[in-house]
Amino acid sequence: MKDKHASLRLIGIPGSLRRHSYCTAILRTLRDEFPQPVTLDIFELSRIPLFNEDHETTRFDRSSRDHAASI
């Protein structure tokens, strides 16, 4: 028997770094149109720093830790 109160949490990652990209606009529309038990969190790629091995450290910045925790 399925739980009528079960919820579903999704994460959307737009494929563009542009603030007003079409991908982000589509994800925002989906987020607003999903029925109540479904939530869509949008994770902006611009919050994650680009990888540069010359600057590699053992500590990750907060945005990288937040992204890892959301998965």
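Me: At 33% relative accessibility, does arginine 28 count as buried, exposed or partly exposed?

Reply: This is a predicted model, where local features need pLDDT of at least 70, side-chain atom pairs count only at pLDDT 80 or more, and totals for chains, interfaces and linings use all residues. Residues are numbered from 1 along each chain as its sequence is written, and side-chain values use heavy atoms, with hydrogens and water left out. Buried means under 20% relative accessible area, exposed means over 50%, and partly exposed is in between (1.4 Å probe, protein chains only). Arginine 28 has 33%, so the label is partly exposed.

Me: OK, and which residue does arginine 28 form a salt bridge with?

Reply: A salt bridge here is a side-chain nitrogen of Lys or Arg within 4 Å of a carboxyl oxygen of Asp or Glu. For arginine 28, the closest N and O atoms are 3.9 Å apart, and the partner is glutamate 44.

Me: Why does that pair tie together parts of the chain, and how many residues apart are they in sequence?

Reply: Helices (H or I, at least four residues) and strands (E, at least two) are DSSP runs, numbered from the N terminus. Arginine 28 lies in helix H1 (residues 22-33), while glutamate 44 is in the loop between E2 and helix H2 (62-70), so the gap being tied together is 16 residues.

Me: What about arginine 9: which residue does its side chain meet in a salt bridge?

Reply: Arginine 9 itself is exposed, with a relative accessible area of 57%. It sits in strand E1 (residues 8-12), and the partner is in strand E2 (residues 38-42), 32 residues apart. The N to O distance is 2.7 Å, and the partner is aspartate 41.

Me: Along E2, which side chains are buried?

Reply: The side chains alternate between two faces. Asp41 is partly exposed, at 30% relative accessibility.

Me: Which residue in E2 is the bridge partner of leucine 8?

Reply: Two strands pair if DSSP finds at least two bridges between them. E1 and E2 run parallel and are joined by 5 bridges. For leucine 8, the partner in E2 is valine 38.

Me: And how many salt bridges are there by this rule?

Reply: Besides the pairs with arginine 28 and arginine 9, aspartate 32 and arginine 31 meet at 3.6 Å, N to O. Aspartate 32 is exposed at 55%, while arginine 31 is partly exposed at 37%. The count comes to 3.
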